[in-house]
Amino acid sequence: VGGKGLEAAVIAACLQQAIVALALRPGATPASILDDARRFLSSLRFDGMVTVLVGILERETGHLEYCNAGHE
């Protein structure tokens with residue numbers, strides 16, 4: 001989360017916890033998690049910059065599915 005201070009810290013914490021909760025849904029994919037996280041972030045009316053990468057690792061196979069969003 002771009003920025004300093006309390007607002008950036010609160011947004012980062014809220015977004016992190018939202019992503020964890022969204023990832024626990026059955027059938028969640030990194031793309032669907034980030035799409036729903038974008039909607040959540042929009043509801044907070046935060047106009048700053050956020051960069052995030054979400055990955056799901058299948059431990060048995062080593063397969064990693066990921067998606068990133070935000071600042072390049």
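## The outward face of helix α1

The face of α1 turned away from its buried side carries Leu 6, Gln 16 and Gln 17, which are exposed. Here exposed means over 50% relative accessible area, buried means under 20%, and partly exposed lies in between (1.4 Å probe, protein chains only). Helices (H or I, at least four residues) and strands (E, at least two) are DSSP runs, numbered from the N terminus.

The structure is a predicted model, in which local features need pLDDT of at least 70 and side-chain atom pairs count only at pLDDT 80 or more, while totals for chains, interfaces and linings use all residues. Residues are numbered from 1 along each chain as its sequence is written, and side-chain values use heavy atoms, with hydrogens and water left out.

## Overall architecture

The chain contains two helices and two strands, arranged along the sequence in the pattern α-α-β-β. Its C-alpha trace spans about 40 × 25 × 15 Å along the principal axes. Of the 72 residues in the chain, 22% are buried.

Contact means heavy atoms within 4.5 Å. Among contacts between residues at least 6 apart in sequence, 38% join residues at least 24 apart.

## Surface and charge

The accessible surface of the chain comes to about 5,300 Å², and 56% of this belongs to carbon and sulfur atoms. Accessible areas come from the Shrake-Rupley method with a 1.4 Å probe; for residues, only the protein chains shown count as cover.

The chain has 6 positive and 8 negative charges, whose mean positions are 6 Å apart. Lys and Arg count as positive and Asp and Glu as negative, whereas His and the chain ends are not counted. Each charge is placed at NZ of Lys, CZ of Arg, CG of Asp or CD of Glu.

## Helix α1 and its buried side

Helix α1 covers residues 5-23, and its 19 residues should span 27 Å at 1.5 Å a residue; the end C-alpha atoms are 27 Å apart, which agrees. The expected span is 1.5 Å times one less than the number of residues. The buried residues of α1 are Ala 8, Ile 11, Leu 15, Ala 18, Ile 19 and Leu 22. They cover an arc of only 100° around the axis and therefore lie on the same side of α1. The arc is that of the directions from the helix axis to the C-beta atoms. The cover over these buried residues includes α2 (30-43) and β1 (51-58).

Ala 21 also belongs to helix α1, but is partly exposed, with a relative accessible area of 47%. Its C-alpha atom is separated by 15 Å from that of Ile 11, ten residues apart along the chain.

Helix α2 has 14 residues and reaches 20 Å from its first C-alpha to its last, close to the 20 Å expected. In this helix, Pro 30, Ile 33, Leu 34, Ala 37 and Leu 41 are buried. Seen down the axis of α2, the buried residues fall within an arc of 90°, so they line one face of the helix. They pack against α1, β1 and β2 (63-70).

Arg 45 is found in the loop between α2 and β1. Its phi is near 55°, a positive value in a residue other than glycine. Most residues other than glycine have a negative phi. Arg 45 counts as exposed, at 75% relative accessibility.

## Gly 70 in strand β2

Gly 70 is found in strand β2 and is exposed, with a relative accessible area of 56%. Leaving aside neighbours within four places in sequence, Gly 70 is in contact with Val 50 and Thr 51. The C-alpha atoms of Gly 70 and Asp 47 are separated by 12 Å, the two residues being 23 residues apart along the chain.
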